[in-house]
Structures are given as structure tokens and as C-alpha cells.
Amino acid sequence: MKQVSQNYKSGAIRLEKVNAPALKPGGVLVQSVYTVISAGTEGMKVKEGKMSYLDKAKARPDQVKKVIQSVQQNGLVATYEKVMNKLDSLTPLGYSLSGIVIAVGSGAEEFVVGQRVACAGAGYANHAQVNFVPKNLVVPLQDHVSMEHAAFATIGAIAMQGFRQAELQLGETACVIGLGLIGQLLVQILRAAGVNVIGVDLSEERCQLAVKMGAAAASTPDDPKLASQIERLTFGKGADCIFLAAGGNSNGPVELAVEIARDRAKVVDIGKTKLDLPWKDYYEKELDVRFSRSYGPGRYDPNYEERGIDYPIGYVRWTEGRNMASFLDLVAKGQINLEPIISAVHPFSEAERVYQDMAEGRGGGLGILFQYPEQVEPVQHLPTVQVTQKLTEVIEDKVKLGVIGAGNYASSMLLPHLVKHNHVRLLEVATSKSLSAANAVRKFAFERSSTDYQALLKSSDIDAVIIATRHASHAKMTAEALQAGKAVFVEKPLAIDLAGAELVRQAVIDSGNERLLVGFNRRYSPLVKQVAKVFDGDGIPLMMNYRVHAGQMEAGSWYLDTSEGSRFVGEAGHFLDVFSFITRSRPVSVVARALHPMPVTQDDLENISVTITYENGSVGNLMYLTQGGKKVPKEFLEVFGGGCTVQLHNFESLTVFQGNMQRKVKARGINKGQKEEIHAFVSAVKSGLEMPISIDSLLDTTLATLATVESLRTGQAVQLADYWIRETVE
């Protein structure tokens with residue numbers, strides 16, 4: 001891999017080819033996507049690197065003091081060799097990045113491979129293709145925060161810590177002296193907190209940007225209007241707080257601060273600036289001078305940064321990690337706008353040229369980024385179905401239904417709800433056997449019947465189709481119905497193989513007809529809806545355990561006919577759809593194992609354990625069982641997350657554990673959502689609105705079910721995107 005390094009002795013900055021860092025406990029390996037060049041901190045290092053030894057000594061009097069102490073203890077020759085060796089070493093640059101986790105060390109299991117993160121820390125968040133970063137310096141990203149913007153999290157945390165040190169209150173007025181990168185971010189943080197802001201900078205352009213970012217006014221130090229602006233905004237009292245966000249050797253910011261401060265105001269130093277306090281002026285106003293140390297509490301503490309020991313929130317509310325997360329939350333909510341601050345984005349391969357320009361005073365700006373186009377995304381995302389022209393229709397009268405298949409399930413679980421529906425007209429039923437069709441007409445008052453489902457699909461007077469045939473026919477019939485322009489409800493499964501799933505996907509794209517619903521009825525159950533509601537909006541990863549005791553099949557059941565797909569393929573969509581419904585996230589990978597007793601029957605092979613990981617870090621464990629006691633309740637769901645546990649007991653009751661509280665909800669009867677599902681389908685068809693479950697989610701659940709079979713076959717974990725692309729799209 002490649003990494004930027006600086007030789008402080010010569011000042012040379014190079015893009016070095018180095019080994020990738022090792023994965024260690026307590027942290028993660030992160031593939032860089034963007035890193036931020038700090039014009040202040042790194043610009044200073046670049047300039048110092050070009051200085052003579054004497055000028056370097058003048059620039060770093062703290063280091064000179066250490067050298068003198070070393071001479072006294074170790075002698076001149078030994079100290080000289082030590083100093084030259086240190087100067088002639090390669091040191092990393094960079095301390096703020098966004099990237100993707102590619103490996104997780106022990107003790108950092110709160111992160112997952114493929115997760116988008118922001119990272120901090122000199123020596124950790126380097127300008128490098130891959131970095132090892134301790135977990136307390138890593139913050140997960142919300143879905144709608146871009147990687148470009150997330151790269152500024154560390155610098156945002158510096159501004160955030162300065163704001164916290166000021167302890168400002170709503171309605172107060174602050175002055176930010178120095179409108180560089182940190183100053184511009186601080187302006188927006190202050191505005192988000194309800195603080196009035198005045199900006200001061202030597203650059204007119206930066207002053208104008210600060211006003212655009214929310215400052216009430218911004219001027220250069222010698223602008224005669226500055227005093228009147230401060231007087232107007234503070235009613236003649238002076239600013240409540242002055243932030244020193246400027247750098248350099250001028251004492252001007254310190255002297256200006258006391259002029260514009262009110263009596264007993266606060267002065268917070270964020271930047272590395274000269275602090276020769278005019279004693280008399282500061283004394284007479286009794287100004288409270290405070291320092292803001294980097295990103296916040298935890299900085300420079302090896303227990304926090306390197307060993308991963310966090311401070312209890314009750315004692316330290318805002319650590320450097322929590323400051324980063326708070327800044328990113330403001331970005332996610334649109335209260336901080338980073339687009340006007342980004343001056344340039346350079347390919348990482350041009351790093352040497354960028355630093356050369358910086359050393360020679362060219363290519364300046366506020367937010368400068370390195371982009372890493374060569375990064376390899378470790379987790380591919382499932383493709384999204386794109387429909388250019390959607391087929392929609394509003395039905396003024398009743399929805400005219402055609403039903404294909406009228407077996408036991410359709411006759412007991414679907415048609416009874418349809419025959420009673422006020423907005424449904426049961427127009428035609430098609431079955432392969434004549435007597436089955438006649439029976440359906442007799443029971444449910446269909447207006448006509450046939451044994452030709454294709455003729456039913458061609459009927460112009462039919463709006464929507466219910467497909468309730470055996471499993472192997474579902475994909476083909478669904479594709480044909482979509483192509484015929486019908487709204488389609490198909491019982492699970494949607495398909496018994498990838499070819500069938502691809503057939504349906506292509507039919508949706510070709511026809512523009514997205515009006516499809518699969519019979520995953522569990523999510524419509526009132527109790528399952530309550531489970532989802534407990535965790536809705538939290539955005540936290542969940543641990544879900546779903547135990548299904550399906551029981552043994554009778555010998556000769558068509559469910560055991562492998563040409564119809566396995567029993568698991570036929571039923572698993574119910575339970576995997578519940579996982580997707582609760583997490584609101586797409587599946588990433590599947591790993592499965594099956595029971596293999598001796599001697600083994602086909603029914604034995606349906607004792608399956610499946611683990612599914614999701615994009616938001618959630619994990620779903622499904623135990624699908626056939627060999628237990630006959631009186632064991634069929635389904636039990638348990639969900640853990642965010643200090644809460646919910647248990648669903650076979651759709652009969654629900655128990656919620658939150659903190660020390662426990663409450664139980666009892667159902668009036670076992671309701672698995674079939675009626676609610678059918679009503680949702682009819683409502684969507686009649687109104688012309690989108691179906692209750694997206695096409696992507698229907699295909700995701702189907703793919704996860706089929707990937708389980710693939711994992712059982714190979715004994716390996718299956719990455720869903722790779723499996724889908726490899727087997728179908730290509």
C-alpha cells in the first residue's frame with residue numbers, strides 16, 4: 001500500500017510504498033476513502049520542514065528545552081546523534097479520515113466488516129490507503145452522511161470541544177477570531193446552538209463565507225464597522241465569549257479579544273496563536289481565559305486512545321469520540337454544511353505535488369481532501385431494481401380479482417377475507433382441476449371459472465391476480481401476470497431458484513409493473529408490528545432469534561417433493577421477512593448448517609440453523625426445526641437491542657423488557673396477519689399507491705432463502721451480492 005511520510009530533517013514529503021498495518025486487538029483496519037489535509041497543522045509541518053536547523057529550533061522552543069536537558073544528562077555527542085536520528089526519521093501526516101472497516105480486532109466487535117466509519121488521531125488516521133485505528137477513535141456513520149463530509153469529523157470535534165469549553169447559553173453572542181477551517185465549522189456549531197456569531201479574519205473572502213455559514217456579521221480586524229457591529233449585536237455590552245481560532249506569531253487576536261469582550265467574558269483558545277496577555281486590560285475585565293485541548297477528553301490519554309477504556313458518561317459527558325459523533329449528527333441533520341468549505345479534492349496519487357504546492361504557497365484553501373479511488377469495497381451491495389416508467393392505475397370501482405389456484409391454503413386463509421371485502425369483486429378462478437374450480441365458485445361466489453390461467457391473465461376485465469398454486473409455478477406465473485399488466489399477489493415463495501427470481505426481476509423492469517406483493521404475512525400481524533415499533537427509529541443494530549418448530553410432515557406430502565423446492569424454501573421467507581421488517585436493513589451474508597442424523601430422511605434435513613447479517617450490523621438467527629415434541633408452540637421470536645428485549649410467544653402474547661420495567665400484551669387470538677396482508681394489497685391496488693413491501697425487499701428475502709440452501713451445499717458463508725451477480729446478472 002502507499003502512505004504519505006515526511007522527513008523532518010530535509011522537509012521532503014514522499015508517497016512511500018509500505019506494508020499494510022497489522023490488525024491488533026482493540027481496533028479495526030480501515031480502508032481510506034477520503035482524508036482531510038489540515039492547512040493549519042500540516043501546513044505548519046510543511047513549512048517547518050523547509051527551515052534551517054536554527055529556524056526549526058526557534059519554531060519549536062519546547063523541543064529545544066528537551067534538547068538542553070538531554071545535553072546536561074547525556075552529553076553533547078550522544079544528544080546530537082539522538083536528535084539527528086529523530087530528525088532523519090519518516091513520520092506520518094494526517095489525522096482525519098472516512099473509510100470502510102475491512103477487518104475487526106478482538107475487543108472491537110461493535111464494528112463489522114463493510115461498515116462506513118470516520119476515524120481520528122495523529123499516527124492512526126493517516127494519509128494512507130489502510131490504517132489501524134483503536135476503537136475509541138472510530139465512529140460509525142449514519143446512512144445519509146457522505147464519505148466526503150464524514151472525513152471532517154476529527155476537525156469538527158476540535159471545533160466542538162472549543163464550543164463546549166465556552167459553556168455558552170442560548171441567545172448569547174460569541175466572536176470567532178480566525179475563520180479558517182476550524183473557525184468556519186465553529187460558526188455553524190454556534191448557530192446550531194442558538195448563539196449569535198461575529199466573525200473576524202484577515203481575509204475578506206473568509207468573512208463573506210462565514211456570513212454565508214450563519215454569522216450575523218464578519219469583518220477584518222481593521223474594519224471600522226467591526227466595533228459598531230459588535231455594539232449593535234450585544235446592545236453595547238460586548239461579546240460573551242471570544243474564540244481564538246487563529247494561528248501565527250501575531251499578538252493581534254489576543255489584543256482584539258479584550259477590546260470586544262464584555263465584563264467577565266470568556267476567552268477560549270483553540271488555535272496555536274501567540275498569547276502575550278495584556279495584563280492590565282484582562283485584569284480589569286476579569287476575563288476567564290480557557291484552553292480547548294484538541295478533540296476533547298481522552299486526547300493524549302493512552303488508556304482511552306490506545307487501550308479502549310472509555311470514560312463513564314456520567315462523569316465525562318463529551319469525550320473525543322462522542323464529540324465526533326455529535327458533529328456528524330449535526331451534519332446528518334443539515335445543520336452543518338460542508339460543501340462551501342471543501343476547496344479541492346485531489347487523487348491520493350498526487351499527494352507529493354499537493355504538498356509541494358502547499359510549501360510554495362500555491363493551492364491554498366480551507367477543506368482539501370485526498371480521494372482514494374483505488375479502494376476495494378469489501379462488501380458489495382445488493383442491486384436495486386430500477387424502473388424507468390412505472391405502471392400505476394387508480395381503480396374507481398371495485399377491484400376485479402382473478403385467482404389462480406384454490407387449494408387448502410387459499411380456501412382457508414385468503415379467499416374468506418376476499419369474499420367479505422367491500423372493495424373486491426371475485427371475477428374468475430382458474431384451477432388445473434375442473435372440480436376444484438367448481439368448488440371455489442360454490443364456496444366463494446366467483447362469477448366464472450376456468451382451467452386456463454393464461455386466458456385469465458389475458459382477460460381485460462381483471463385488475464389483479466392472486467397466485468396460490470404450488471411453489472414451482474410461482475415465478476413463471478408471476479412474471480407472466482406482471483407482463484400482462486396485472487397487479488399480483490403471489491403466495492410464498494416468490495421463486496424456488498435464482499433463475500425464477502431473475503425471471504420476476506426482469507419482468508418488473510421490462511413491464512414497468514412494480515405492483516407485486518408476496519405472501520409474507522407475519523409482518524402484518526399486530527404483535528409483530530408492535531415488536532417493530534419498539535425499535536423503530538433507533539437506528540441501532542439488533543440481535544434477533546427466531547425459533548420455528550414446523551413439526552414433521554406426513555409421509556407423501558407434496559411439501560417433501562424436491563421438484564417443488566424444499567420445505568424450508570417454501571416457508572422461510574415468512575421469518576426472514578420479519579427480520580428485514582424489524583431491522584429496516586438489507587441482508588449482506590448468510591451462513592447455514594443442517595442436522596444430519598443417521599439414518600437420515602428428507603424431513604430431517606429441514607432442521608436448519610441460519611445466521612444472517614445486515615447492512616446496519618444487525619444479526620438474525622433462524623432455527624427452523626421439524627423433529628421436536630408435537631406440543632411445542634410453533635414460533636418464538638426474541639429481539640435484543642438498545643437496552644430492550646422483546647419476546648413474541650407464538651402470536652399469543654408479547655413481553656417487553658425495558659430497563660427495570662416489564663409489560664405484557666396478550667392477543668385475543670392467534671393472528672398471523674393474513675387478513676391485514678390481503679387488505680393492504682387490495683388498498684394499494686385500488687388507490688394506485690406503492691405496494692406495502694418494495695420489490696427490493698421481496699427479492700432480498702427470496703435471495704436470502706436461496707442462499708441458505710447454497711450455504712448448506714457448500715458449507716461456506718454466502719455473500720448475497722456476489723451470489724446474486726455471479727449466478728444471475730452476469
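How exposed is Asp536, by its relative accessible area? In this predicted model, Asp536 is partly exposed, at a relative accessible area of 49%.

## Asp536 and its partner

Asp536 takes part in a salt bridge with Arg584, and the closest N and O atoms of the two are 4.0 Å apart. This pair connects distant parts of the chain, 48 residues apart. Asp536 lies in the loop between α20 (526–535) and β23 (543–549), while Arg584 lies in the loop between α21 (567–583) and β24 (587–594). Arg584 counts as exposed, with 52% relative accessibility.

## Other salt bridges

Across the whole structure, a search finds 25 salt bridges. One of them joins the side chains of Lys400 and Asp463, at 3.4 Å from N to O. Here too distant parts of the chain are linked: Lys400 belongs to strand β17 (residues 399–404), Asp463 to the loop between α17 (453–458) and β20 (464–467), and the two are 63 residues apart. Both Lys400 and Asp463 are buried.

A further salt bridge brings together the side chains of Lys333 and Asp329, at 2.9 Å from N to O. Lys333 is exposed, with 56% relative accessibility, whereas Asp329 is partly exposed at 25%.

## A parallel sheet

Six strands make up an open sheet with parallel pairing, in the order β11-β10-β9-β12-β13-β14. The edges are held by β11 (217–219) and β14 (288–291); each has a single partner strand, so one side of each lacks a neighbour in the sheet. From one strand to the next, the twist averages 20 degrees.

Within this sheet, strand β9 (residues 173–177) and strand β10 (residues 196–200) pair in the parallel sense over five bridges. Ile177 is placed opposite Val200 in β10.

## Helices on the sheet

Helix α9 (residues 225–233) packs on the sheet and touches β9, β10, β11 and β12 (239–244). The direction of α9 makes about 160 degrees with that of β11. Helix α10 (residues 252–260) lies across β9, β10, β12 and β13 (261–269), and runs at about 175 degrees to β12.

## A buried histidine

His149 is located in helix α5 (residues 147–150). With a relative accessible area of 14%, His149 is buried, because the limit for that class is under 20%. Apart from neighbours within four places in sequence, His149 is in contact with Val331, Leu338, Glu339 and Ile342.

Notes: Residues numbered from 1 in each chain as written. Predicted model: local features only at pLDDT ≥ 70, side-chain atom pairs only at ≥ 80, totals over all residues. Heavy atoms only, no water. Helix = DSSP H or I, 4+ residues; strand = E, 2+ residues; numbered from the N terminus. Buried < 20%, exposed > 50% of the residue type's maximum accessible area, 1.4 Å probe, protein only. Contact = heavy atoms within 4.5 Å. Pairing = 2+ DSSP bridges. Axes fitted to C-alpha atoms, helices over the stretch in contact; angles between N-to-C directions.
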